[in-house]
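Please look over the structure shown below before reading on.

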Amino acid sequence: MVDHRIIHYRDAARAMARGRFRVLIPVDGADEVGELGQALLELGKTLERKFEEVSSLAQVTEQINAGILLEEVLEKVYTSFRAILPYDRIGFALLEEDGRVLRARWAHTESGSPKIPSGYSARMEGSSLLSILETGRPRILNDLEAHLRAHPNSEPTRLIVEEGMRSSLTCPLLAVGKPVGFMFFSSTRLGTYADLHVALFTQIAGQLAMILEKSKLYQQLLDLNQLKNRFLGMAVHDLRHPITVIQGYLDMLVGGVVGSLAPAHQRVLRTIQGSSEAMLNMVNDLLDVSSIESGNLDLRLKSVSVGAFLEEIRDESVLLAKGKHQEVRFDIPAELPQIFMDSQRIHQVLNNLVTNAIKFSKEGTVITIGMRADQGEIQVSVVDQGQGIPKEELSKVFTEYGRISVRPTANESSTGLGLAISKRIVEAHGGRIWVESEPGKGSTFTFALPLSTK
């Protein structure tokens, strides 16, 4: 006859396999079957606790991994890990100089300012941390004061003891099998980490290492990009002065200020003048890109009459189109509202769009500049009858140096930066810019600026 308890235990084991750990398990009786029931009950509690730990770790990892910048990720670690780990202080340090030096990069403590600030460094030679790297396993110190007495020359231990910390958990960080640094969790209470499961925190350390390494690399990329922008800004700024001087003298020569020139000489000088202007435009575009990427785009916002602003654009656009015998039409309401904007920068945007429409359209075509107020914003559009842009290339249009297969119809020069700059300027105004195009039917570039009463 089958013991009825065995049937219950079988059903309980199947339930646990499906993730249900709290099941009814009869544990009556002091025989071996009863002991089996007791062991199964304890197993259920252990599995439930492990499942909760893993679930908490997964949630915390997801929250932390949402960060990109190193500081942002570390702040998320500090606020998120309390669900699975007690602490009053967290420190983060990276190995440098081929692992010979450990440098503190970040710390957050409940006791006020950390005694070990960012930038603090210590030699790894002779450090007790070396044994942690050798084993790859977290180290728990249940009594930091006792550890300090045993290692009186350990200045980092002395400093966190001065902060009021009494126990610690040190997690080695290994990315792709290579040690990259440490996370230090500390508590103001003795023995805080005495009962922790080391295996769980080995897993935590592994996941943290990959996340922090990703953030560190991204931060390095940002730093390099800023360095590039500073270099580019300085180089291009120094280029603009001699080009401006060259242009000034060319204007004098072409204008006959220093005497009359033969027609052949005039043609050569005008060619040089055109190349000089193209080079100056390129330098100005590069300066704009450098300023925008470094966050130094200076907007001089003021209330502007849209109608008066467009009157300034009208004559310039007509003049630009004359060279290719194109017609510029305006589709603009009689009354338009005031708008808060940097008129010089928006003039630059509109000039870029009109210039592109002229470049990529054939002679004798029509370019239409339209404007309307719609749902709290002003929309300005430039419509051409040009070649159009293939659908698969539209995503490149507003990117720096985003070359597309469509070429200017008269071999006009282009830096490939104008539309990218225009996008940044419009977005800096809180607006948006987009393009609608179809090969053979032309393109419509539109930007929208919010109506404001500042």
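Is L43 buried, partly exposed or exposed? With a relative accessible area of 40%, L43 is partly exposed, where buried means under 20%, exposed means over 50%, and partly exposed lies in between, for a 1.4 Å probe and protein chains only. This is a predicted model, in which local features need pLDDT of at least 70 and side-chain atom pairs count only at pLDDT 80 or more, while totals for chains, interfaces and linings use all residues. Residues are numbered from 1 along each chain as its sequence is written, and side-chain values use heavy atoms, with hydrogens and water left out.

**Around L43**
- L43 is placed in helix α2, which covers residues 32-65; helices (H or I, at least four residues) and strands (E, at least two) are DSSP runs numbered from the N terminus.
- Although L43 and M16 are 27 residues apart in sequence, their C-alpha atoms are 9.4 Å apart in space.

**The whole protein**
- The protein has 11 helices and 13 strands, and 40% of its 454 residues count as buried.
- Among contacts (heavy atoms within 4.5 Å) between residues at least 6 apart in sequence, 65% join residues at least 24 apart.

**Nonpolar cores**
- A nonpolar core is a set of buried Ala, Val, Leu, Ile, Met, Phe, Trp, Tyr and Cys residues joined through side-chain atoms within 4.5 Å.
- The largest such core has 39 residues, and those with the most contacts inside it are F309, L350, V382, F445 and F447.
- Elements that give two or more residues to this core include α9 (306-322), β9 (338-341) and β13 (442-450), while the largest share, 7 residues, comes from α10.
- Leaving aside neighbours within four places in sequence, F309 is in contact with V304, M341, S343, I346, H347 and L350.
- A second, separate core of 15 residues includes I90, F92, L173 and A175.

**The second largest pocket**
- A pocket is found on a 1 Å grid over the protein atoms alone, as an open set of points where a 1.4 Å probe fits, with protein on both sides within 12 Å along at least five of seven lines, and its lining residues have an atom within 4 Å of a point.
- The lining of the second largest pocket is made up of 38 residues, of which L129, S154, P156, T157 and F184 lie nearest the centre of the pocket.
- The largest share of this lining, 6 residues, comes from β2.
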